[in-house]
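Please keep the sequence and the structure in view while reading.

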Amino acid sequence: MLKRFLSDYGILFALLALGVWFSWATLAEEPTSGVAGADALAGEVNGPRVTVVAGTGREEEAFAAALKERLEKRGIEVTLATGHPHEVREKIKGATSLALSARAARWELFQGSAAVSPKGRLWPSFLKADNLLNIANQIAVVALIAVGLTFVIIAGGIDLSVGSLIALSAVVATLLIRGAAGAENAGAAGMILCSLAAIAVCAAAGLVSGAFITGFGLPPFVVTLAMMLVVGGAASILAEGQSIYQVPESFVRLGRGADLAGVPNAVLLMAALYVAGHLAMTRTIVGRYLYAVGGNPEAARLSGVPVRRVLLLAYAASGALAGLGGVVMASQLKSGAPTYGQMYELYGIAAVVVGGTSLSGGEGKIFGTLIGAFLIAVIQNGMNLTGVESYTQKVVLGAVILGAVLLDRLKKRRWFKEKTS
């Protein structure tokens, strides 16, 4: 059991190791603010009268109110002095004892003073909740298209058109919202229908790719490369080379909104699709057929597997999920443009390969792809936090992909030797 887990999800340990490394590399002293800052400072403040100084904003207001409450419980008379530095300067005239928020302590006004402020704490920037949610939100579109790419690659194919399909979907969805659903006044039903239409267009494009591959025996690489150019050009023609931004403010709810415990809706959608994809690959006949076709299409055909229909379904699903990714991206950016999705096909394929799916077909796991997508996102985010330039990031990412493909090839050779010995 353990050996099988390590074989299927060994990349998870690489992801955890990267998380530990970037946590250590971004370890820094972080000022304690808000209610936590008030709790940390309350025991250090003494005297009959104290002036609590804080800046503007929700965190600063929470600090001042919480510290005032705690000090008054101890019988200390508290005066609040909040606002911008020039406003605070007037409010603290005559004050003998000052308690500062972490932000106020950095003001030049208090440099060298005897005022007290909360002590900072060591915490890695990488592990901040906002940063972790940002990683998940940024990788959502790549992770969505990677689900469809996993289906195709397990079936022994490849799909280079998904990046251009993202652009086509974003353009079609926003064009329809602008022209048929009321533009900035579009309602939820109209936006949903327009988005579904865009996804259907992309699914049809994937179906056309699958038809050329199965009907004429053309190489998937060539067909999907051609489709990438066709749909990319179609997106530019439809948008006339411009961005389409006449969409309502509520359109961003899918890509930027967070309706459940602060988790972005795009992340929830991603999680739901990966669960559905995992169940489809492990609990349905279609999933077993995909593995069979990718492992040996001729043997699958002789066993009664409808190879052509399975491949058509895989490419249509890849197109549909790329279309969904385009809708999410349009929602995140509140617009549609033919420039969206550039290089995303490479990031998606990288996530699939790094996640353990074999480019030869017949082997791979949906959750492995999710781990691969997060591995790529963590590498990029961690290098950004540590100040690594973008050129170096490309070198590192290329090396990771090359290493994953090499590892897959070595595994195949070892398996072949074990079978033939």
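## Salt bridges in the predicted model

The structure shown here is a predicted model, and a search through the whole of it finds six salt bridges. Side chains of opposite charge can pair when their charged atoms come close.

## Two pairs in helix α4

K68 and E72 form a salt bridge in which the closest N and O atoms are 2.7 Å apart. Because these two residues are four positions apart in helix α4, which covers residues 58–73, about one helical turn separates K68 from E72. K68 counts as partly exposed because its relative accessibility is 25%, and E72, at 38% relative accessibility, is also partly exposed.

A salt bridge also joins the side chains of E69 and K73, with an N to O distance of 3.6 Å. E69 and K73 lie in helix α4 as well, four residues apart, or about one turn of the helix. E69 has a relative accessibility of 41% and so counts as partly exposed, whereas K73, with a relative accessible area of 66%, is exposed.

## A pair between distant parts of the chain

The side chains of K334 and E249 meet in a salt bridge, at 3.8 Å from N to O. This pair links distant parts of the chain, 85 residues apart: K334 belongs to the loop between α14 (307–333) and α15 (344–354), while E249 belongs to the loop between α9 (220–239) and α10 (253–256).

K334 is partly exposed, at 21% relative accessibility, whereas E249 is exposed, with a relative accessible area of 54%.

Conventions. Residues numbered from 1 in each chain as written. Predicted model: local features only at pLDDT ≥ 70, side-chain atom pairs only at ≥ 80, totals over all residues. Heavy atoms only, no water. Salt bridge = Lys/Arg side-chain N within 4 Å of Asp/Glu carboxyl O. Buried < 20%, exposed > 50% of the residue type's maximum accessible area, 1.4 Å probe, protein only.
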